[in-house]
Amino acid sequence: LAAFLQSAVALDELRLGGNDLSLDGVKAVTACLIKSAAVKAIDLSGVCSSLPNAQAFASGLSEYITRNKKLEQVVCSRNCLRASAAEKVAKALSFGGKLVSLDLSWNGFGDPAPLSELASSLQFLPCLAKLNLAYNRLQDKAACIFASDLETLASLRVLVLDGNPIENTGARAMFKAFLMQSSEGGGGE
């Protein structure tokens, strides 16, 4: 797979979802991706199901997002990205200016530090139309803080928050953010 990725210079889309890679596999795939900055869509869901591999995966993915100026879609669900690994990926997203669709579901981006980095990165994603943060442990207080950052993301049309422990206050803040966004020309579903 690594040899193929190195030679696939015209590859537009790469889907590796569900291939639970070893640490060596994670390092090989991310190293090859970094050398091939032409891919517009990647599905890396479930390729890193163990916490020890998450840091290596986050490092490689972060570097790839930073270098690939053509990237439009990232599916990175179910990868044990928590704490500093999630924070690293969230910070790298500020370089993903052409991203249209971002799926970070079933990770730990709802924790305070990664969510703060993600919120900061959103301002650098002017094309982002779909954001999936389902099952990320996003709690009520964090949802309220995150909602204010969503108000400025005019391109966002779909926000998925399924399975997060958001209560009434957080839900109201999110709804209000989308109402504000709608009145300014954006509008989520």
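Q: Where in this predicted model is the place of N53?
A: N53 sits in helix α3, which covers residues 51–67.

Q: What makes N53 count as buried or exposed?
A: Its relative accessibility is 10%. Buried means under 20%, so N53 counts as buried.

Q: Which residues is N53 in contact with, leaving aside its neighbours within four places in sequence?
A: They are L21, S22, L23, V26 and C48.

Q: How do you know whether α2 is roughly parallel or roughly antiparallel to α3?
A: Let's start with the axes. Those of helix α2 (residues 23–35) and α3 come within 9 Å and cross at roughly 5°. Angles under 35 degrees count as roughly parallel, so α2 is roughly parallel to α3.

Q: Which residues meet where α2 and α3 are in contact?
A: From α2 come L23, V26, K27, T30, L33 and I34. In α3 they meet N53, A56, F57, G60, L61, E63, Y64 and R67. The residues of this contact divide into 8 nonpolar, 3 polar and 3 charged.

Now for the strands.

Q: What is the order of the strands in the open sheet?
A: The sheet has 6 strands in the order β1-β2-β3-β4-β5-β6, with parallel pairing.

Q: Why are β1 and β6 called edge strands?
A: β1 (13–15) and β6 (158–160) each pair on one side only. The twist of the sheet averages 5° from one strand to the next.

Q: How do you know that β5 and β6 pair?
A: Two strands pair if there are at least two bridges between them. Strand β5 (residues 130–132) and β6 have 3 bridges, so they pair, in the parallel sense. As one of the partners, V158 in β6 is bridged to K130.

Next come the salt bridges.

Q: How many salt bridges does the structure hold?
A: There are 4 salt bridges.

Q: What makes D43 and R15 a salt bridge?
A: Their closest N and O atoms are 3.6 Å apart. A salt bridge needs a side-chain nitrogen of Lys or Arg within 4 Å of a carboxyl oxygen of Asp or Glu, so D43 and R15 form one. This pair links distant parts of the chain: D43 is in strand β2 (residues 41–43) and R15 in strand β1, 28 residues apart.

Q: Why are R67 and E63 separated by about one helical turn?
A: They are 4 residues apart in helix α3, which means about one helical turn. R67 and E63 also form a salt bridge, with closest N and O atoms 2.7 Å apart. R67 is partly exposed at 48% relative accessibility, and E63 is partly exposed at 32%.

Q: What makes the salt bridge of D111 and R137 a tie between parts apart in sequence?
A: Their side chains meet at 2.5 Å, N to O. D111 lies in the loop between β4 (101–103) and α5 (112–122), and R137 in the loop between β5 and α6 (140–150), so the pair ties together parts 26 residues apart in sequence. D111 is buried, with a relative accessible area of 19%, whereas R137 counts as partly exposed at 37%.

Q: Which residues do salt bridges that share partners join into one network?
A: That network joins E13, R15 and D43.

Conventions:
Residues numbered from 1 in each chain as written. Predicted model: local features only at pLDDT ≥ 70, side-chain atom pairs only at ≥ 80, totals over all residues. Heavy atoms only, no water. Helix = DSSP H or I, 4+ residues; strand = E, 2+ residues; numbered from the N terminus. Buried < 20%, exposed > 50% of the residue type's maximum accessible area, 1.4 Å probe, protein only. Contact = heavy atoms within 4.5 Å. Axes fitted to C-alpha atoms, helices over the stretch in contact; angles between N-to-C directions. Parallel < 35°, antiparallel > 145°, perpendicular 65-115°, else oblique. Nonpolar A, V, L, I, M, F, W, Y, C, P; charged D, E, K, R; others polar.
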